[in-house]
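Hello,

Here is the structure I said I would pass on. My notes on what was found follow below.

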Amino acid sequence: MSDVLPLRMIIYQLLFIVLAIAVEALVLQKYLGIGRKSSIQYASTANLLSTVVGWFVFFISVPWMPAPLRQQIITYIFFDETNNPPLLVGLAFLMFLGTFIIKLQSLNWLDLILEGKPVVVSEVRDRSKFQGRKAQRQPFADVPNRALAVLWANAASFTVISIFIFIRTFSEQPVLF
């Protein structure tokens with residue numbers, strides 16, 4: 001067993017998580033009409049959970065894959081080298097669907113967890129009189145187009161990450177021997 005730390009992969013994973021949280025928080029805030037803090041919390045929770053589940057699925061499924069496929073996927077993920085772009089496009093589509101389902105489900109679980117906490121009794125006052133449209137927003141759990149908002153947020157974050165990968169791939173200098 002080798003003792004190689006895939007530092008480049010870890011840094012890219014952290015960068016992609018930060019990009020996804022920023023983009024998805026903006027989309028969730030816009031489409032759901034929730035506050036900035038709530039949208040960042042929902043985006044952070046959904047992205048961290050989908051990342052953990054994704055790595056768990058990866059490490060569970062790799063031993064069951066055929067050797068050539070396993071080698072191609074590991075080479076791309078850990079060493080950033082590919083020789084089969086259609087395979088990567090197919091995997092990216094599967095990852096998009098998987099993360100969408102996980103993010104949508106994680107928001108449902110987050111609502112269940114947050115609804116289970118005791119309600120803090122606070123002073124009731126008519127906030128809409130002082131805060132305009134902000135106070136008239138619906139609670140996050142009551143928004144009917146929630147799945148569509150999560151789909152838009154996931155698509156936006158995948159688009160930004162794909163553009164980043166595209167720019168990185170074509171801006172690298174070719175290695176001359």
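Accessible areas come from the Shrake-Rupley method with a 1.4 Å probe, and for residues only the protein chains shown count as cover. By that method the protein chain exposes about 12,900 Å², and 69% of this comes from carbon and sulfur atoms.

This is a predicted model, in which local features need pLDDT of at least 70 and side-chain atom pairs count only at pLDDT 80 or more, while totals for chains, interfaces and linings use all residues. Residues are numbered from 1 along each chain as its sequence is written, and side-chain values use heavy atoms, with hydrogens and water left out.

The protein chain has six helices and zero strands; these are DSSP runs (helices H or I, at least four residues; strands E, at least two), numbered from the N terminus. Of its 177 residues, 26% count as buried, meaning under 20% relative accessible area with a 1.4 Å probe, protein chains only.

A nonpolar core is a set of buried Ala, Val, Leu, Ile, Met, Phe, Trp, Tyr and Cys residues joined through side-chain atoms within 4.5 Å. The largest one has 15 residues, and Leu28, Leu32, Tyr42, Ala43 and Val150 have the most contacts inside it. Helix 1 (7–32), helix 2 (36–61), helix 4 (85–115) and helix 6 (146–171) each supply at least two residues of this core. Helix 1 gives the most, with six residues. A second, separate core of six residues includes Trp55, Phe58, Val62 and Ile73.

Regards

Conventions: Buried < 20%, exposed > 50% of the residue type's maximum accessible area, 1.4 Å probe, protein only.
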